[in-house]
Amino acid sequence: MDTKIWKVDKNVDNLLTYPQIIEAARWLQKNALVAFPTETVYGLGANAKSDEAVKKIFEAKGRPSDNPLIIHISDQEEVAQYVEEIPEVASKLMDRFWPGPLTIILRKRKGILSDRATTSLPTVALRMPDHPIALAVIRASGLPIAAPSANLSGKPSPTKFTHVYNDMNGKIAGIIDGGDTGVGLESTVIDCTNPTPVILRPGGITKEEIEGVIGEVLMDPALQSNDEKPKSPGMKYTHYAPKAPVLLVDGSDLFIQQTIDRYIAEGKKVGVLTTEEKKNRWKADIVLGCGKRCDLSTVANRLYDSLRAFDETNVEIILSETFPNRGIGRAIMNRLMKAAGHRILKQSRSIDGRNIVNWKETDNR
């Protein structure tokens, strides 16, 4: 399959009349797949009303068939077409965070959306993206658009056109090159079908921001413990992983460097994922800076690009710093833990004066 490339400047006026947008929308109307940028990551779009179109998403990505898709819309008023009811908390969240990186799960109306898109669940996940190209394509198509991240299943999500091209060229009808995305991590997913909303996936909107609007929300226990079954089917799969295995390292600077040294002594080529503040501190084969620790939004923005960059090197293991598990750091750690298969090396004891460090490797799967 020849994949069409459309270059679009998100800052131009009247995107709805842009020939590239119109052509991409027509492909979606023909039940073909089109990748486009959102404010989080690039999405792989298909007509959410068509079983035929949605099936192509799962085939192109190699995505497990029980992993439901987020449905993207271009106007808040469209929600009523697809759900049985809109609880007050959901309305408040839409008013405050839409368009934006928040996905809201509600009980769906039957017989409208493809059962493949919702994997026959009684609920639907809806989002209104905050990106002019995404909104223009959806509006021009006149359709609800099912759109997971535009990458091969399991790989780091795409935040640049080149990421999408490398994974999807020859597999889909077209890619809209709209430049780099902004947030860099997928949307927060919140289930509003229960009396107290539950966050199923942390993302671009933090728990603290949500609670500032609707009060208490819960976190899915599976986000904290792998003994729990996740409420979101897709959260049980390994995601965001580069070619080399990832191991999180939680401890002092001495502990991190000695961990690096240990793997080098074993003859491995070691990569380190760190922050700009510590980029020159580590002695390893490849050291990549991923944003600033003093501003974790920059880490979120660059995380997937950094993980993919290791694929262009010869490293055999990637050691990553950890981050505070609050605010946007909660989403960063969620993605890193998934990339690492929940393997984290924690410092159990250190006696700096004697350079003695004990290692305790935890596999939380």
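Modeller: Start with burial: buried means under 20% relative accessible area, exposed over 50%, and partly exposed in between (1.4 Å probe, protein chains only). This is a predicted model, where local features need pLDDT of at least 70, side-chain atom pairs count only at pLDDT 80 or more, and totals for chains, interfaces and linings use all residues. Residues are numbered from 1 along each chain as its sequence is written, and side-chain values use heavy atoms, with hydrogens and water left out.

Biologist: Is Ala60 buried or exposed?

Modeller: Ala60 counts as buried, because its relative accessibility is 9%. Ala60 sits in helix α2. Helices (H or I, at least four residues) and strands (E, at least two) are DSSP runs, numbered from the N terminus.

Biologist: What is Ala60 in contact with?

Modeller: Contact means heavy atoms within 4.5 Å. Leaving aside neighbours within four places in sequence, Ala60 touches Leu33, Leu44, Leu152, Met168, Lys171 and Ile172.

Biologist: And Asp66, where is that found?

Modeller: Asp66 lies in the loop between α2 (51-61) and β4 (70-72). Asp66 is partly exposed, at 28% relative accessible area.

Biologist: How do I read a strand such as β8?

Modeller: In a regular strand the side chains alternate between the two faces of the sheet. In β8 (residues 174-177), Gly174 and Ile176 point one way, Ile175 and Asp177 the other way, and all are buried.

Biologist: Which strands pair with β8?

Modeller: Two strands pair if DSSP finds at least two bridges between them. Strand β1 (residues 4-7) runs parallel to β8, with four bridges. There, Lys7 has Asp177 as its bridge partner. Strand β2 (residues 34-37) is also parallel to β8, joined by two bridges. Val34 stands opposite Gly174.

Biologist: Where is the kink in α10 centred?

Modeller: On Arg302, with a kink of about 45°. The bend at a residue is the angle between axes fitted to the seven residues ending there and the seven starting there.

Biologist: What covers the buried residues of α10?

Modeller: The cover includes α7 (161-168), β13 (270-274), β14 (286-289) and α11 (328-339). Among the buried residues of α10 are Leu296, Val299 and Leu303.
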